[in-house]
Amino acid sequence: MGGIMSCFHETDSSKGLAARRKKRGAQQDATVTAVLGSSKRWEKGRSVRAAEESLIQEAAALLLLQQQPNGGTSISFDRSTSLRYPGMGVKKQQGLPRSSSSRARSLTDPVVAPQQLVNQETKIDDLETNHFVLVHGGGFGAWCWYKTIALLQDAGFKVNAIDLTGSGINSFDTNNITSLSQYVKPLTNLLEKLGDTDKVILVGHDFGGACISYAMEAFPTKISKAVFLAAAMLKDGQNTLHIFSQQEGGSDLMRQAQIFLYANGKDQSPTAIELDKSLLKDLFFNQSPDKDVALASVSMRPIPFAPVLQKLELTGSNYGSVRRFYIETTEDNAISLPLQQIMCESHPPEKTFRLKGSDHSPFFSKPQALHKFLVEIAKIPGVSRQQTNPDE
């Protein structure tokens, strides 16, 4: 048997088998090579696609950064690439800047998309003016308008929120303010720099009502409308102290909160009024979020006393020619609703709005409703200027 097996060692059959095996091996090697090549091409393609997606992300990020506002008066950019490019179908990446805030907005955030509040058919360019100037109340500063600024800018409006002398980040010593004209100088400076045909909508809160009244008298042709927001709305010959002295009920809380400062000595008139921080929430912010109360407690400054005592000189030809609107606040412990109504009855504005459930600071407690009213006032068609007597 062993001999027989050995006789097949060099036969043709064994040569054929070896050839077939060699052919199959070559085919397998070719298949493996093809698969490996395809895999490498796929990996290369995936790398290219990843690089392309990375470039798209970088370009989108650069576009958003280039469109950030340069100042407080600029119209802010759309904070979502899906809003700006609804038809592109590019998936929003985690790394893209989506907001100027450090956290995501929620449906319950006070600063919500204005599309939910304002009629989208409104064309900002068709309005008499799209420029708001926000004037804070006594002790406040431009900082108090941060929600209103965001909402108005997102809706396409131009906004200036100013710090009056000795307020906010204005470094002037409040105790050295001796007149209303000195106190409102930042406001009058802004109005002076406006073009001859430019107009603004003035919004004055609290003591800011007296400030915008002063500006209305000085620059009537540059003011389209004046909005008094829970504010002192005075007539000729009145001062703010006279108006506030008519208040009953809530005035006790105001008296308790007041701390008079005497920079010139106790034998002289007060130079400023500071407010007891422990009473701020009950007085100004009884319906406002705690975070805004905390902001106010570290930001409020004394109120200059001399401007509060100064009587206004208002004429029908200037002050009386500017359209006036009043926004009432129903849960106000600083300027009570009855006092607001007294001012509106004795010196009627063109239209009165009411913010239900708002404390003295609606820019904190009711920012959405306040925004809606401001836009509604901006949309009221212009009328020919008329002269009225502020004493009527």
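# A tour of the sheet and its surroundings

A search of the whole structure finds zero disulfides. A disulfide is a covalent bond between the sulfur atoms of two cysteines. The model on your screen is predicted.

Stop 1: Select Cys211. Its relative accessible area is 0%, so Cys211 is buried. Then select Cys344, which is also buried, because its relative accessible area is 8% and the cut-off for buried is under 20%.

Stop 2: Six of them form an open sheet in the order 2-1-3-4-8-9, and the pairing is parallel. At the edges are strand 2 (158-162) and strand 9 (351-355), each of which pairs on one side only. On average, neighbouring strands of this sheet are turned by 20 degrees against each other, direction ignored.

**Stop 3: strand 1.** Select residues 131-135, which are strand 1. How many of the residues of strand 1 are buried? Five of its five residues are, so strand 1 is mostly covered. In a regular strand the side chains alternate between the two faces of the sheet. Colour His131, Val133 and Val135 for one side of strand 1, and Phe132 and Leu134 for the other; all are buried, and both faces are covered.

**Stop 4: the neighbours of strand 1.** Keep Phe132 selected and look to each side. Which residue of strand 2 is the bridge partner of Phe132? The partner is Val159. Strand 1 and strand 2 are joined by five bridges in the parallel sense. In strand 3, Phe132 stands opposite Ile201. Strand 3 covers residues 200-205, and four bridges pair it with strand 1, again in the parallel sense.

**Stop 5: helix 4.** Follow the chain through strand 1, helix 4 and strand 2: together they make a right-handed β-α-β unit.

Stop 6: Move to strand 8, residues 323-329, which runs parallel to strand 9 and is joined to it by five bridges. Select Ile327 and find Phe353 opposite it in strand 9. Next show helix 13, residues 337-346, which lies across strand 8 and strand 9. Helix 13 runs at about 165 degrees to strand 8.

**Stop 7: two loop residues.** Most residues other than glycine have a negative phi, and most peptide bonds are trans. Select Asp206, in the loop between strand 3 and helix 7 (208-218). Asp206 is not a glycine, yet its phi is positive, about 60 degrees. Is Asp206 buried or exposed? Its relative accessibility is 7%, so Asp206 counts as buried. Then go to Ala230, in the loop between strand 4 (223-229) and helix 8 (240-244). Ala230 has a positive phi of about 45 degrees, although it is not a glycine either. Ala230 is buried because its relative accessible area is 0%.

**Stop 8: helix 15.** Finish with residues 367-379, the 13 residues of helix 15. At 1.5 Å a residue, helix 15 should span 18 Å. Which residues of helix 15 are buried? They are Pro367, Leu370, His371, Phe373, Leu374, Val375, Ile377 and Ala378.

Key:
Residues numbered from 1 in each chain as written. Predicted model: local features only at pLDDT ≥ 70, side-chain atom pairs only at ≥ 80, totals over all residues. Heavy atoms only, no water. Disulfide = S-S within 2.5 Å. Buried < 20%, exposed > 50% of the residue type's maximum accessible area, 1.4 Å probe, protein only. Pairing = 2+ DSSP bridges. Axes fitted to C-alpha atoms, helices over the stretch in contact; angles between N-to-C directions. Contact = heavy atoms within 4.5 Å. Expected span 1.5 Å × (residues − 1). Right-handed = clockwise from strand over helix to strand, strands pointing away.
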